[in-house]
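Please look over the sequence and the model, then read the points below.

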Amino acid sequence: MLQGIKLVWRTYQQLLTKHPWKVQIMTAGSTCGISDIISQQLIERRGLTDHSIKRTIKMTTVGLIYVGPILCKWYKYLDQLVVGKSKVAVFKKMLLDQNYTSALMSNYTIWPAAQLLNFYFIPLKNR
């Protein structure tokens, strides 16, 4: 099982190196779709019979045509704007990334910490 996971991860990394734009967008679309499935099944407890496939397709599409392309460009720009992985640089990236309107203030309980880890540990091609 572990060998299979390693093979999938290695293949993903190779594809990411060869086709970063496409793979990042596909990853965003997949993540949005899988997140919706998790939300419907674990949070909303809809069960398979009440699962909204239409909603999952919409969320996947949003990830593919909106979230993926925008975040790919944003993270690339952010890495050019604030260079490095020092603690100060990582903190600056997190602050710039979290500069949203008050409507998203509730996200500040989770995302700043997640983004600190993201900018410190995750290479640009994997974000």
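In what order do the elements of the protein chain run from the N terminus on? They run α-α-α-α-α, and the secondary structure comes to five helices and zero strands. Helices (H or I, at least four residues) and strands (E, at least two) are DSSP runs, numbered from the N terminus. This is a predicted model, in which local features need pLDDT of at least 70, side-chain atom pairs count only at pLDDT 80 or more, and totals for chains, interfaces and linings use all residues. Residues are numbered from 1 along each chain as its sequence is written, and side-chain values use heavy atoms, with hydrogens and water left out.

**Overall extent**

- Along the principal axes, the C-alpha atoms of the protein chain fill a box of roughly 50 × 40 × 30 Å.

**Helices α2 and α3**

- The axes of α2 and α3 come within 7 Å and cross at roughly 140 degrees (axes are lines fitted to C-alpha atoms, for helices over the stretch in contact, and angles run from 0 to 180 degrees between N-to-C directions).
- α2 and α3 are therefore oblique to each other (angles under 35 degrees count as roughly parallel, over 145 as roughly antiparallel, 65 to 115 as roughly perpendicular and the rest as oblique).
- α2 passes α3 in a right-handed crossing (left-handed if the near helix is turned anticlockwise from the far one by less than a right angle, right-handed if clockwise).
- Residues of α2 that meet α3 include Trp-21, Ile-25, Cys-32 and Ile-37, and among their partners in α3 are Met-59, Leu-64, Val-67 and Cys-72 (contact means heavy atoms within 4.5 Å).
- By class, the contact of α2 with α3 has 11 nonpolar, nine polar and three charged residues (Ala, Val, Leu, Ile, Met, Phe, Trp, Tyr, Cys and Pro count as nonpolar, Asp, Glu, Lys and Arg as charged, and the others, Gly among them, as polar).

**Helices α3 and α4**

- Helix α3 (residues 53-81) packs against helix α4 (residues 87-97) at an angle of about 135 degrees, with the axes 10 Å apart.
- The two helices, α3 and α4, are therefore oblique to each other, and their crossing is right-handed.
- In this contact, α3 supplies Trp-74, Tyr-75, Leu-78, Asp-79 and Leu-81, while α4 supplies Lys-93, Leu-96 and Asp-97.
- The contact of α3 with α4 has five nonpolar, no polar and three charged residues.

**Helices α4 and α5**

- The axes of α4 and helix α5 (residues 111-121) cross at roughly 130 degrees and come within 9 Å.
- α4 and α5 are therefore oblique to each other, and α4 passes α5 in a right-handed crossing.
- The contact is made by Val-90, Phe-91, Lys-93, Met-94 and Asp-97 of α4 with Pro-112, Gln-115, Leu-116, Phe-119 and Tyr-120 of α5.
- Seven nonpolar, one polar and two charged residues make up the contact of α4 with α5.

**Second largest pocket**

- The second largest pocket has a volume of about 180 Å³ (a pocket, on a 1 Å grid over the protein atoms alone, is an open set of points where a 1.4 Å probe fits, with protein on both sides within 12 Å along at least five of seven lines; lining residues have an atom within 4 Å of a point).
- Its volume is the space filled by probe spheres set on the points, which are joined across faces, edges and corners.
- Residues lining this pocket include Trp-21, Cys-72, Tyr-75 and Arg-127.
- The largest share of the lining, four residues, comes from α3.
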